[in-house]
Amino acid sequence: MGASDPTVMTTQAVDETGEGSSRILQTRDLRKEFGGLTATDDVDFSLEEGELRCLIGPNGAGKSTFLNLLTGQLEPTAGAIYYDGHDITDLPSYERVDRGISMKFQVPSIYEGLTVAQNLRIPLQQVADGDAFEARTSEILERFDLLAEHGTVASNLSHGQQQRLEIGMAMALEPNLMLLDEPVAGLSVEETAEIADLLREISDDDGVALIVIEHDIDFVESIADRVTVLDQGSIFREGTIEAVENDPEVKRIYLGEDH
Ligand code: ADP
Ligand code: MG
């Protein structure tokens with residue numbers, strides 16, 4: 001640990017997410033206020049290594065805000081975020097990425113004017129060079145079914161291909177934790193099934209932990225180990241998709257929603 005390391009290895013961070021703990025992530029009393037509105041209300045959330053967790057809840061429940069606190073796009077009003085043995089609450093986004101937290105935002109963040117291969121090079125050049133770089137590029141193109149499109153300008157890809165490229169870019173950084181905000185919104189049934197398979201593989205084969213925000217309950221059912229329901233900024237329920245789906249209180253908070 002260098003002297004320039006900006007994280008604090010607090011006892012609590014080590015106890016909750018360090019060596020000897022199977023947890024990769026823990027938030028404690030995490031809170032975000034926007035003026036008078038509490039978007040994240042003292043959330044204690046934990047995630048196991050390699051787990052695939054879906055985050056659901058009505059519009060405005062605070063799902064995106066919570067993910068943005070984890071990425072560092074937003075600063076919490078109070079509380080702490082422990083990840084892999086460290087307190088990362090005050091760590092800037094790019095350093096969270098360096099530590100293995102990678103993100104796929106609700107708004108696509110590929111470079112539309114660049115080709116598929118050029119897009120992939122941006123994250124890859126941070127982790128590989130020379131032969132390794134070429135090998136990793138081919139590997140990711142193949143895995144994300146984009147070999148034939150390697151020279152295609154990203155704006156000409158289908159929506160499903162763009163989503164796969166973006167997940168490939170996130171995987172290029174060899175993360176331990178991947179955060180995805182609505183990765184199948186607007187996709188066809190076939191495209192959605194492809195993404196579901198990819199995310200399951202990333203969890204099962206690569207051992208990457210994932211938090212996936214999604215409205216499509218069939219998709220959630222097809223991928224999630226466990227589900228967390230957020231409502232009004234708080235964790236409302238947590239459990240298997242079956243338990244959560246059949247909970248009358250969960251049905252109640254969704255009433256009046258048009259999806
Ligand atoms: P979800 O993703 O579950 O739909 P959000 O996290 O986007 O919910 O929003 C939670 C609440 O916080 C909403 O009431 C929303 O209007 C509010 N909110 C989100 N971002 C901001 C912001 N930057 N400024 C003010 N209010 C915000
Ligand atoms: Mg949202």
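These are legends for a set of close-up views of a predicted model.

**View 1. Helix α5 packs against helix α6.** Here you're looking at α5, which covers residues 130-143, and α6, which covers residues 159-172. Their axes sit 10 Å apart, and the angle between them is about 140°. Because of that angle, α5 counts as oblique to α6. As for handedness, α5 passes α6 in a right-handed crossing.

View 2. Helix α4 runs over residues 116-124, and its axis comes within 8 Å of the α6 axis. The two cross at roughly 25°, so α4 is roughly parallel to α6. This crossing is right-handed.

**View 3. The largest nonpolar core holds 43 residues.** In general, nonpolar side chains tend to be buried together in soluble globular proteins. In this core, the residues with the most contacts inside it are L165, M178, L199, I202, V212 and V227. Which helix gives the most to this core? That's α6, with 6 residues.

**View 4. A close look at V212 and what surrounds it.** Set aside the neighbours within four places in sequence, and V212 is still in contact with L52, R53, C54, L55, L180, P183, L199, F219 and I223. Of these partners, L199 is also listed among the residues with the most contacts inside the largest nonpolar core. There's a second, separate core too: it has 24 residues, including L25, F45, F66 and I211.

**View 5. E190 belongs to helix α7.** This helix spans residues 189-204. Is E190 buried or exposed? Its relative accessibility is 56%, so E190 counts as exposed, the cut-off for that being over 50%. Now find G160 as well: E190 and G160 are 30 residues apart in sequence, and their C-alpha atoms are 9.1 Å apart in space.

How values were computed
Residues are numbered from 1 along each chain as its sequence is written. Chains are lettered from A and ligands numbered from 1 in the order in which they are written. This is a predicted model: local features need pLDDT of at least 70, side-chain atom pairs count only at pLDDT 80 or more; totals for chains, interfaces and linings use all residues. Side-chain values use heavy atoms; hydrogens and water are left out. Axes are lines fitted to C-alpha atoms, for helices over the stretch in contact, and angles run from 0 to 180 degrees between N-to-C directions. Helices (H or I, at least four residues) and strands (E, at least two) are DSSP runs, numbered from the N terminus. Angles under 35 degrees count as roughly parallel, over 145 as roughly antiparallel, 65 to 115 as roughly perpendicular and the rest as oblique. A crossing is left-handed if the near helix is turned anticlockwise from the far one by less than a right angle, and right-handed if clockwise. A nonpolar core is a set of buried Ala, Val, Leu, Ile, Met, Phe, Trp, Tyr and Cys residues joined through side-chain atoms within 4.5 Å. Buried means under 20% relative accessible area, exposed over 50%, partly exposed in between (1.4 Å probe, protein chains only). Contact means heavy atoms within 4.5 Å.
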